[in-house]
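Please open the model in your viewer and keep the sequence panel beside it.

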Amino acid sequence: MTIEQSTIKQTTMAAAFIATLKRDLLISFKKKNDVVNPFMFFVIVVSLFPIGISPDSDRLSEIAAGVIWISVLLASMLSMDNLYRSDYEDGSLEQLLLSPHPLFFMVLAKNLSHWLVSGLPVVLISPLLAYMLNLPQAAYFTLICSLLIGTPIMSLVGSIAVALTVGLGSRGLILAVITLPMSVPVLIFGTLSVQASLNNTSPAGYLALMLAMLAVAVSLAPLASATALRISVN
Amino acid sequence: MWLWFSKLGSPKWFYELSGRWLPWLIAAMTIFITVGVIWGLLYLPPDYQQGYTSRILIVHVAVAGTSLAFFPLMAVAGVITMVWRMKLADMVAKMAAPIGAWFSFLTLATGSIWGSISWGTWWEWTDARLVTMLFQLFLLLGVISLRSALEDQDKAAKACALLSIVGLINVVVIKYSVEWWNVLHQVASPVSLSADSPNGPQFWIAIAIMIVAMYLFLSVSLILATRNEILQRERRSQWVQDLVRQS
């Protein structure tokens, strides 16, 4: 017991953060399905829009940004489901709660790893899909920037809802009902920034606002997630 | 001061106190609603521009004003639940959510009916108030479905408390981003409800009466619902069983 405690004291907070991050990334790497499926879902949903709405390239270029943003939203929500679930089921979440390090940083590490495996691939493929949707060239850079800022916000905010519902058996829909209305501001500024660069005005203001949202989300959302986890697990 | 606060946390004390208040509240509510509805809907002179449709606003503005109170109310109750573990706060929060959702829905419905005549459309995405109200409704429905999904009462109380606090922040952020969104789309709000309209004070007095009436209605329905919840949750305690046996 005393030996264990002394080893715990030796690990710094940064080391614990990195250990959690590494562990989660390793798990995602081993369970490729959880990573690939939301990604495939995103690609498929985006390709359904031209079929459902119109193959007309002018009309598509008008809606391209919105289609990509909404599909990203849906895909991130799907992938969100396994953010804490497997850890909850095998008991490692309880160990995380018992750790002497602040839960805030553990949650942040889990959110970061979730974003790296689910948000980032979606951002990286988005130019290709934007090309398929005939988004004008001028908006590519802004689209990628806004997605790069927006997807971590979604991960952080969605994490609260996931943490609240982690003990429930079937929670796919309730997660959507809670999370989707919350992502309205991100969606608004994400599409606004793309619209701005389409109109040849500077999108910097919107991107700055989104960065501000990200700053607020990074500092507050893990706090709420941590509280939610303590509520759900006890 | 703190004695009063901890007393308020006791469901029994609240049940007795609210039982004494309720007749007065109901009487006041009846008077205000009767006066407001009859005067506002039957005798108010028509607006110089909108004609008789402005009478719909008497109901709409009052309901809308009241529906804005729910998220702050639930968030405050949520803080009390999380910090002091007060059971009563959670009962109030639990009962406030469906009432709030209903008020939000009524706001949207009466607003649409009014808008269908004044704006010529049932729904207008360029109006920030409409869109914000829609998402407030969605967030409230989220709180309700979270509550019904969690079976453990204590867990549900804390989870919904947290979600209400997060939701309040979110409603505010949504409100400002939607407003911004509209300003940048450069579509003027179709109508402004400024107080300096040439309708004279009558219109605003009628609206004020209806707002008071709606807040009274909110308090009465919330108290009645909370009393119901108290009886259900405290059904094993002695005073509830005595109460049931007496009646």
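Of the 234 residues of chain A, what percentage count as buried? The answer is 45%, where a residue is buried if 20 or more other C-beta atoms lie within 10 Å of its own, exposed if 12 or fewer, and partly exposed in between, with C-beta atoms placed from the backbone.

Before going on, note that this is a predicted model, in which local features need pLDDT of at least 70 and side-chain atom pairs count only at pLDDT 80 or more, while totals for chains, interfaces and linings use all residues. Residues are numbered from 1 along each chain as its sequence is written, and chains are lettered from A and ligands numbered from 1 in the order in which they are written.

**Chain A**

Select chain A and colour it by secondary structure: there are eleven helices and zero strands, where helices (H or I, at least four residues) and strands (E, at least two) are DSSP runs numbered from the N terminus. Among contacts in chain A between residues at least 6 apart in sequence, 82% join residues at least 24 apart, two residues being in contact if their C-beta atoms, placed from the backbone, lie within 7 Å.

**The contact between the chains**

Next, show both chains and select the residues where they meet, 19 from chain A and 21 from chain B. On the side of chain A, the elements that give two or more residues are helices H8 (140–164), H9 (172–182), H10 (184–198) and H11 (204–233) of chain A. By class, that side of chain A has 16 nonpolar, three polar and no charged residues; Ala, Val, Leu, Ile, Met, Phe, Trp, Tyr, Cys and Pro count as nonpolar, Asp, Glu, Lys and Arg as charged, and the others, Gly among them, as polar. For the complex, the predictor gives an ipTM of 0.82 and a pTM of 0.85.

**Chain B**

Now move to chain B, which has nine helices and zero strands, and in which buried residues make up 39% of the 247 residues. Colour chain B by pLDDT, the predictor's confidence in each residue from 0 to 100: the average is 83, and 87% of the residues score at least 70. Over residues 186–192 of chain B the pLDDT is below 50, and this stretch has eight contacts in the model beyond near neighbours in sequence. Where pLDDT is low, the predicted coordinates should not be read in detail.

Select helix H3 (residues 54–67) of chain B, where 13 of the 14 residues are buried.

**Single residues**

Then centre on Val92(B), in helix H5 (residues 87–118) of chain B. Val92(B) is buried, with 22 other C-beta atoms within 10 Å, and, not counting residues up to four places away in sequence, Val92(B) touches Ala77(B), Leu222(B) and Thr226(B).

Finish at Ile68(A), which, leaving aside its neighbours within four places in sequence, is in contact with Val46(A), Ser126(A), Leu129(A), Ala130(A) and Leu143(A).
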